[in-house]
Amino acid sequence: MQQSIEELTAELREQLIEQLNLEDIIPESFDENTPLFGEGLGLDSIDSLELVVLLDRNYGIKLKDPKEGRAVFYSIRSMAEYIHNNRAQA
Amino acid sequence: MDERQHYYINGIGIISPQKTFEHDQFLQEICAYESNVLTCIIPSFKTYISPGQLRRLSRMHRIGLTAATMCLRDANVQVPDGIITASGYGFLEETEKFLTEMLERNEKQLTPTYFIQGTYNALAGLIALSTKCLGYNNTYVSKGFAFENALHDVMLQLSENSTSNFLVGSSDEAAKVLYAIGMRAQYYKVENIPNLKLFDSQTTGTIQGEGSAFFMVSGAPSATTWCAIKDLQMVYTPQHEGEFNLALTSFLEVNKIKLSEIDVWVSGASGNIEHDHLLHHLEKTVLQQTPQIRFKHLCGEYCTAVSFGLWIGASILKKQSIPDILKVSTPEFSLEKIETVLIVNQYLNRNYSFVLLKK
């Protein structure tokens, strides 16, 4: 049975914190819509590579177009929606 | 008049198996180890590295970056003109994780962080990013001469521009894989020996250590100067005692230093009766009348352990005192003023070096 966007959002949050060692820097205001890069969580280009690998390893989704990444990795919510839509098509 | 250029150590930051990160203490509190592996006593990293940076750094990167930051603060320098690091084996634990991941995942879907952390020059890059230093950046990985080569590079750089401030340092970890290989190669002692009893041992092998030490070196002294490096020389695989003694006396002659002017010599003896034989011969011949200290029972043996010895020498000159834990009983220490320190290091009976320090 396919996971809902809400379930994916909760799962991604856990994965991000673990994979990117974010335990000590997660702000209290961090939620599913907080921007992951820039003034939001402040992730950087190496993190974006980690996220590409995370999508591939955990969900079998290869992000082939780098331009897509900006929108996909905007927030946890946008990642969850992308996974939900692309896994549904597979 | 001595016209040779001096190279001033204007700041130090060091993290080692002893509590060396507080400069107001000079080995007042000694850490004893019962096993043959000595690992670093670490300060609170958050005092030196932002949480955002900390999260991606391995233990050894945290240690190295913190030692470098301590050194910059000690020297009152925000951005050095160049960064030179040294490491005998790099960051083996991260390299091992990356290689294991490659095998497990059939060279696919590899995460970048382990690869970045596993490279030899990762620390020099990290420091450059942290300080926004766009200057010279180099890393020496020449095993038992890695730190000496880094120091030599600094001296060459400063001979071209003596007003520059170069951050030079070392980093080597007590990696498990290195210990396993070292045991097979008989680098380490088979029997367990407490580190403070290392020099009572009459067997081959030594104990494993680790550490990171950074020095701010400039061609000009400052208000924070510890001491001056007068000269450095490396000697590779001397064949016999006569050749080694001659190398040392020639080094002193070039620097116009008489044996009687050396107040104390810092021996890099490692507690291995085979590897230490040239140093033992020195203490019975050329340096018979010179008080000797040893340090590898405090930091263990590793490729860049001579940097710990350099900190010891610089501290003795700055503080004008010698902690008892370093002293070898004969000859007696009756020093009123310490002005000249000679470091004689050996690594695996292959890499020998002399470092001459002046107050």
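Biologist: Where in chain B does B:Asn76 lie?
Modeller: B:Asn76 is in the loop between α2 (59-75) and β2 (82-86) of chain B. Helices (H or I, at least four residues) and strands (E, at least two) are DSSP runs, numbered from the N terminus.

Biologist: Before we go on, what sort of model is this?
Modeller: This is a predicted model, where local features need pLDDT of at least 70, side-chain atom pairs count only at pLDDT 80 or more, and totals for chains, interfaces and linings use all residues. Residues are numbered from 1 along each chain as its sequence is written, chains are lettered from A and ligands numbered from 1 in the order in which they are written, and side-chain values use heavy atoms, with hydrogens and water left out.

Biologist: Back to B:Asn76. Is phi positive or negative there?
Modeller: Phi of B:Asn76 is positive, about 55 degrees, although the residue is not a glycine. Most residues other than glycine have a negative phi.

Biologist: Is B:Asn76 buried or exposed?
Modeller: B:Asn76 counts as exposed, at 65% relative accessibility. Buried means under 20% relative accessible area, exposed over 50%, and partly exposed in between (1.4 Å probe, protein chains only).

Biologist: And B:Asn106, what is phi there?
Modeller: Phi of B:Asn106 is also positive, near 55 degrees, and this residue is not a glycine either. B:Asn106 is in the loop between α3 (92-104) and α4 (112-118) of chain B. With a relative accessible area of 56%, B:Asn106 is exposed.

Biologist: Now B:Ser201. Which loop is it in?
Modeller: The loop between α7 (176-184) and β5 (211-218) of chain B. B:Ser201 is buried, with a relative accessible area of 9%.

Biologist: What does B:Ser201 contact, sequence neighbours aside?
Modeller: Beyond four places in sequence, B:Ser201 is in contact (heavy atoms within 4.5 Å) with B:Lys189, B:Glu191, B:Ile193, B:Gly271 and B:Ile273.

Biologist: Which side chains make polar contacts with B:Ser201?
Modeller: The side chain of B:Lys189 does, at 2.8 Å, and so does that of B:Thr203, at 3.0 Å. A polar contact is a pair of N or O atoms within 3.5 Å; within protein, one must be able to donate a hydrogen and the other to accept it, and residues adjacent in sequence count only if both atoms are side-chain atoms.

Biologist: Change of topic. How many residues does each chain bring to the A-B contact?
Modeller: Chain A brings 15 residues and chain B brings 13 residues.

Biologist: How much area do chain A and chain B bury between them?
Modeller: About 1200 Å², 50% of it on carbon and sulfur atoms. Buried area is the accessible area (1.4 Å probe) that two parts lose on being put together, summed over both.

Biologist: How many salt bridges between chain A and chain B?
Modeller: Four salt bridges, each a side-chain nitrogen of Lys or Arg within 4 Å of a carboxyl oxygen of Asp or Glu. In one of them, the side chains of A:Arg57 and B:Glu101 meet at 2.6 Å, N to O.

Biologist: Which element of chain A gives the most to that side?
Modeller: Helix α2 (residues 45-59) of chain A, with seven residues.

Biologist: Last one: which elements make up chain A?
Modeller: Chain A has four helices and zero strands. Of its 90 residues, 38% count as buried. The C-alpha atoms of chain A fill a box of roughly 35 × 25 × 20 Å, taken along the principal axes.
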